[in-house]
Amino acid sequence: MSLFTQSNNAPGLFISFEGIDGAGKSTHIQAFADELVKKYPKHEIVLTREPGGTALGEKLREILLHHPMHLETEALLMFAARREHLATVIEPALAEGKILISDRFTDASFAYQGGGRGLDLAKLYELEVWVQMRLANNDSGDGAGKRYVLQPDLTFLFDLPSETAESRRSAARDPDKFEQLNTDFFEKVRLEYLRRAQDDAARFHLIDASQSKEVIWKILQEAISNI
Ligand code: TYD
């Protein structure tokens, strides 16, 4: 079955990429998008990211990644940026039948603010429902529309041990606020990602990111053949 026929009450397709910093997801996103263009030449592909993806969201990103703040403030700003992103980019794109690929979405808030920094997951579930709850189109005409929480149709989780990710990060770039945190922090982030994946196994495609770029690219190409 094509993923296009699945969730979100919209004709488009919503794909997210997740993983701890240094897992290598960013390396593959553009190539993945280019490959999808080849397969679906009639669908416009939108490549976006979180935090960010809108003018306001990019300003919030700059603040979030470079300024220390209270943990709950951080979670609220992540979801504020997400609300704007959904309203002005994600939902319009899905309604128009586009394929939208986001470098991170709500799973990252659970992993980083929840798993990594220790924010009570109950609060994150509240924010998730607050920001992503939608009313389904109601065919029955009885006024009782069904509610659902908007999620990506497909999420690629790049998983690898936090020590491996750390050595890749230190070789690659100047760290932002999150990237400066230690291996212990990233192991907790990783475990929360894996818990989310287990909780919603139909949505997640787990990728062993300790493999070579070439092997991972083959896995992604195969995944595209199933989209
Ligand atoms: P990242 O996506 O890794 O971008 P880059 O490749 O440019 O470094 O950086 C975004 C950072 O934001 C990353 O460390 C994870 C963090 N983040 C959260 O803590 N919570 C969230 O909800 C999101 C979306 C990101």
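Helices (H or I, at least four residues) and strands (E, at least two) are taken as DSSP runs and numbered from the N terminus. The model is a predicted one, in which local features need pLDDT of at least 70 and side-chain atom pairs count only at pLDDT 80 or more, while totals for chains, interfaces and linings use all residues. Residues are numbered from 1 along each chain as its sequence is written, and side-chain values use heavy atoms, with hydrogens and water left out.

The largest share of the shell around the ligand, four residues, is contributed by α4, and α1 (25–39), α2 (55–66), α3 (71–95) and α4 (106–116) each supply at least two shell residues. In total, 18 residues surround the ligand, the closest being Asp21, Arg104, Ser109, Tyr112 and Gln113, where a residue is counted as near if one of its heavy atoms lies within 4 Å of the molecule. By class, the shell is made up of nine charged, six nonpolar and three polar residues, with Asp, Glu, Lys and Arg counted as charged, Ala, Val, Leu, Ile, Met, Phe, Trp, Tyr, Cys and Pro as nonpolar, and the others, Gly among them, as polar.

Taken alone, the ligand exposes 550 Å², of which the protein buries 90%; accessible areas come from the Shrake-Rupley method with a 1.4 Å probe.

Arg104, one of the closest residues to the ligand, is placed in the loop between β3 (99–103) and α4 and has a positive phi of about 85° although it is not a glycine. A cis peptide bond, with omega of about -10°, joins Glu50 and Pro51, and Pro51 is found in the loop between β2 (45–49) and α2. Most residues other than glycine have a negative phi, and most peptide bonds are trans.

Eleven aromatic pairs are present in the structure, where rings of Phe, Tyr and Trp (its six-membered ring) pair if their centres lie within 6.5 Å, and planes under 30 degrees apart count as stacked, over 60 as edge-to-face and the rest as tilted. Among them is the tilted pair of Phe17 and Phe156, with 5.2 Å centre to centre and 45° between the planes. Because Phe17 lies in strand β1 (residues 13–19) and Phe156 in strand β6 (residues 154–159), this pair ties together parts that are 139 residues apart in sequence.
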